[in-house]
Amino acid sequence: MSAVSTLTLCWRIERCDGVTIGLTAHDRDLVVDGLAYRAAPGMTPSAIVRDDTLEAPAMSVEGALSHAAIREGDLRAGRYDGARVVVFALDWERPGVPVPVASGRIGTVETGRGRFAAELLGGEVRLEAAVVEATSPGCRATLGDRRCRVAMRGRRTMVRVTSQDGARLVLTAGAGFARGRLRWIGGANGGLSAFIVAADAQGVTLEAPPAFDGAGALVELSEGCDGTLATCRDRFGNVANFRGEPHLPGIDLLTRYPGG
């Protein structure tokens, strides 16, 4: 029996944009179930504590930003937000069935001094979510989703970014709507999206500057909705699917008095 442990930890990271990345704490690359796990010896998890309670377990994964698979720019851009992570142990000398250690989704991500720390939230955090939706005067559906049911055909367009100045993008063709969403198809921002807060015949203004320079990239513009009953009625004729309570009295009803 060898006195040296041959166990190593591996991370399988499935980003929301469809990219899957494999990393291992071993000093050489491994292949597990057809996925290459790149050597990242600087990757270390915190202590993992599991019990039989319903409290949401949480752990953190730390590592150096030295591996090309995880770049600081991608972390800051939000490409890893909500990514699913599976941590398992493996005998690198005789690879067999992986031993699950923890799994969950990435929560808070912090970067600094060439390192990053990501919070891994277990599945039990879903038990802390609200069971039913809270009432709201505005619609809680997203334009074009299965609850809204507005057909998006003709409400999306593909254009190219000619220049960028902060959050302002000049496009080859302007947008015909003030609210909406922009999705990057190519370039360094590929896969990311942002809300449009203003638009005109020359271009659009986003809620925040893109993470990377987007000049020359192709983008998709999707029409949006401000969630008000008037817009739902007048622009889309979709009041039957409005998901809000615009006429429900608010908390201020308790403070009203005759003649006030």
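A pocket here is an open set of points on a 1 Å grid over the protein atoms alone, with protein on both sides within 12 Å along at least five of seven lines, and lining residues have an atom within 4 Å of a point. Grid points are joined across faces, edges and corners, and a volume is the space filled by probe spheres set on the points. With that in hand, the largest pocket comes to about 570 Å³.

This is a predicted model, where local features need pLDDT of at least 70 and side-chain atom pairs count only at pLDDT 80 or more, while totals for chains, interfaces and linings use all residues. Residues are numbered from 1 along each chain as its sequence is written, and side-chain values use heavy atoms, with hydrogens and water left out.

**The overall picture**

- The protein has 2 helices and 15 strands, taken as DSSP runs numbered from the N terminus (helices are H or I with at least four residues, strands are E with at least two).
- Buried residues make up 32% of the 260 in the protein; buried means under 20% relative accessible area, exposed over 50%, and partly exposed in between, with a 1.4 Å probe and protein chains only.
- Taking contacts (heavy atoms within 4.5 Å) between residues at least 6 apart in sequence, 56% join residues at least 24 apart.

- Of the 31 residues lining the largest pocket, Thr142, Leu143, Glu223, Gly224 and Cys225 are the closest to its centre.
- Strands S12 (180–184), S13 (193–199) and S15 (218–223) each give at least two residues to the lining of the largest pocket, and S12 has the largest share with 4 residues.
- The lining of the largest pocket splits into 14 nonpolar, 9 polar and 8 charged residues. For these classes, Ala, Val, Leu, Ile, Met, Phe, Trp, Tyr, Cys and Pro count as nonpolar, Asp, Glu, Lys and Arg as charged, and the others, Gly among them, as polar.
- The second largest pocket holds about 200 Å³ of space, and its lining has 9 nonpolar, 2 polar and 1 charged residues.
- Residues lining the second largest pocket include Ala77, Trp184, Leu206, Glu207, Pro209 and Pro210.

**Serine 136 and its loop**

- Serine 136 sits in the loop between strand S9 (115–121) and strand S10 (156–165), and counts as buried because its relative accessible area is 19%.
- Its side chain has a polar atom 2.8 Å from the backbone oxygen of glycine 138.
- The side chains of serine 136 and arginine 140 make a polar contact at 3.1 Å. A polar contact is a pair of N or O atoms within 3.5 Å; within protein, one must be able to donate a hydrogen and the other to accept it, and residues adjacent in sequence count only if both atoms are side-chain atoms.
- Beyond its neighbours within four places in sequence, serine 136 is in contact with Gly244 and Glu245.
- Arginine 149 is also in the loop between S9 and S10, and is exposed because its relative accessibility is 61%.

**Positive phi**

- Most residues other than glycine have a negative phi.
- Arginine 149, not a glycine, has a positive phi of about 70°.
- Aspartate 33 is not a glycine either, and has a positive phi of about 50°.
- Aspartate 33 lies in the loop between strand S3 (30–32) and S4, and is exposed because its relative accessibility is 75%.

**Two strand residues**

- Threonine 8 is in strand S1 (residues 7–14) and is buried, at 7% relative accessible area.
- Threonine 8 and alanine 89 are 81 residues apart along the chain, yet their C-alpha atoms are separated by 5.6 Å.
- Setting aside neighbours within four places in sequence, the contacts of threonine 8 include His26, Leu30, Phe88, Ala89 and Trp92.
- Alanine 36 is in strand S4 (residues 35–39) and is partly exposed, at 26% relative accessibility.
- Not counting residues up to four places away in sequence, alanine 36 touches Gly22, Leu30 and Val31.

**Cysteines**

- The structure holds 0 disulfides, a disulfide being a pair of cysteine sulfur atoms within 2.5 Å.
- Cysteine 148 is in no disulfide, and the nearest cysteine sulfur, on cysteine 139, is 6.4 Å away.
- Cysteine 148 is buried at 8% relative accessible area, whereas cysteine 16 is exposed at 59% relative accessibility.

How values were computed: 1 Å grid on protein atoms, 1.4 Å probe; cavity = no way out; pocket = protein on both sides within 12 Å on 5 of 7 lines; lining within 4 Å.
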